[in-house]
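Welcome! Please take a moment to look over the sequence and the 3D picture before reading on.

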Amino acid sequence: MDYAQARDEELVERLADRDERALERLYERYGRAVYSLVLKMLREPAQAEEIAQEVFLKLWRRPSSYMAGRGTFSTWLLSVAHHRAVDELRARRHETLPLADGANGTPELVDEALDLADHAWLREQRTAVRQALATLPVSQRQAIEMAYFMGLTQREIADRLGEPLGTIKTRMRLGMQKLRGCLDGLNGHDADQAALGAVVAPVATSSGGAAEVHDGDV
Amino acid sequence: MATCELIADLGEGYALGVLGPEELDAVERHADACPRCREVLDRHVEVAALLALAVPQREPPQSLARSLMAAARGDTTTAERQEAWWRRALPGSARIAWGLASFASLLCSASLAWALNLESRLQTQPAMLAPAASVSPSDYGGMGPGFALERAQMHRLVGSDAAPEARGWIYTDPQDANALLVAYKLPPLPPDKAYQLWLVTPTQQRYSGGVFSVDAEGYGWLKIKAPATFGSVARVGITVEPRAGSPGPTGQRVLGGDL
């Protein structure tokens, strides 16, 4: 089997046979994206590392939990990571909320510079998503980002922003509808997953220490 | 509103993970019965997942890949051994019947034996076990044959003030005496020192789980064979000890956690 060119779904099938190279390859493809998402949400590298490992171990132990008919593997994996990070955020909610780095506690995303270390495919995807977010009215984007990246419930967002719950629900719904219009097909099922997987920036596995890429390193 | 309107109203919130438990349950139940709405939900989820790509990309530490593969490798070897054992013992569908029958029996007998023997085993063991030999990554193999993958639990270990960046995980099966420790960012030690793992019972007795070293990045691991199943271990701690190990903890505690 050509692991470098194999489609995600093929690699997931191999996991059922305890194929460690398949896991390694999937990690190379998506380890960085999973870790980056969780780190962005939790702000704690050690915890991000822990949860990223949990996500991949869960896949390793139960590859059947991914159902190919329900969407792409990358979407599913990132959703698993997101849910796990939200759980963590909500568990610690009563302790602290160190998430705010923008106005009104909204994580800053759209204005950040792209990282040159990314591969073209991932960079294109990220550019498209950021552009789509930038097209939203600030109030809609804010509601979506507070929900997705901060793990806040609609009620919590309403309380933080001092807005009625119904207003927040509407903003979220309209924002997501617009996003869907902008991004439709970006992560489509027709995409050539083998090609996608083959070009996603691999996670460094050689020695030399972690090379953290910072915002604005261009 | 257990209809398709429910999905129209709550679908975006579902994808963003902002629904309360009752709403979430209602959406899931409806989608389970309505393939069309399930498809709609899946599309919402696809869009929401793309948001994950908007974040700046950070290179994960190399220890993450190593730890993941070490844990997976431990799983694999265990699973292979268990599979071989099952195949030798019972072919084909007989395994299912045997498994069901033996499971209940095992539960009863193991619990009873554990309860009866644990105290006496702990009491008759030497006060401290002789430390296990050091291991290096090249020695890494699988876990003991009784280590059950399905029951393995992952416990987080946190660094003490002496090593605040240190962290680790211990993979245990409460019904088995084998476990795997993986540690990161432990401070490097002089050649005459090593890290030693201590297994602490609820009655505060401490047993050595073995000694290990770490590489230049502070990464190390240890296969553990406890004197009894891990159900009898309340917490673990790691201290700095002489290279050959100590009969009891003498150095500073650098890492630990509850099981």
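Here is a short tour of the two chains and how they meet.

## Before we start

This is a predicted model, in which local features need pLDDT of at least 70 and side-chain atom pairs count only at pLDDT 80 or more, while totals for chains, interfaces and linings use all residues. Residues are numbered from 1 along each chain as its sequence is written, and chains are lettered from A and ligands numbered from 1 in the order in which they are written.

## Chain A, a chain of helices

Chain A contains nine helices and zero strands. Helices (H or I, at least four residues) and strands (E, at least two) are DSSP runs, numbered from the N terminus. Of the 218 residues in chain A, 43% are buried. A residue is buried if 20 or more other C-beta atoms lie within 10 Å of its own, exposed if 12 or fewer, and partly exposed in between, with C-beta atoms placed from the backbone.

Take helix H1 (residues 8-15) of chain A: its buried residues include A:Asp8, A:Leu11 and A:Leu15. Viewed down the axis of H1(A), the buried residues fall within an arc of 155°, so they line one face of the helix. That arc is taken from the directions from the helix axis to the C-beta atoms.

## Where the chains meet

On the chain B side, 40 residues are in contact with 65 residues of chain A. Being in contact means that the C-beta atoms of two residues, placed from the backbone, lie within 7 Å. H4(B) gives the most to this side of chain B, with twelve residues.

A:Ala52 gives a close-up: beyond its neighbours within four places in sequence, its contacts include A:Val34 and A:Val38, as well as B:Pro60 and B:Leu64.

## The nonpolar core

The largest nonpolar core has 111 residues, and A:Ala52 and B:Leu181 are among those with the most contacts inside it. Such a core is a set of buried Ala, Val, Leu, Ile, Met, Phe, Trp, Tyr and Cys residues joined through C-beta atoms within 7 Å. Helix H2 (residues 20-42) of chain A gives the most to this core, with 13 residues.

## Strands in chain B

Which strand does E4 (residues 193-200) of chain B join through eight bridges? The partner is strand E7 (residues 235-242) of chain B, and the two run antiparallel. Strands pair if DSSP finds at least two bridges between them. B:Val200 has B:Arg235 as its bridge partner in E7(B).

E7(B) also pairs with strand E8 (residues 253-258) of chain B, in the antiparallel sense, over five bridges. Here B:Gly237 stands opposite B:Gly256 in E8(B).
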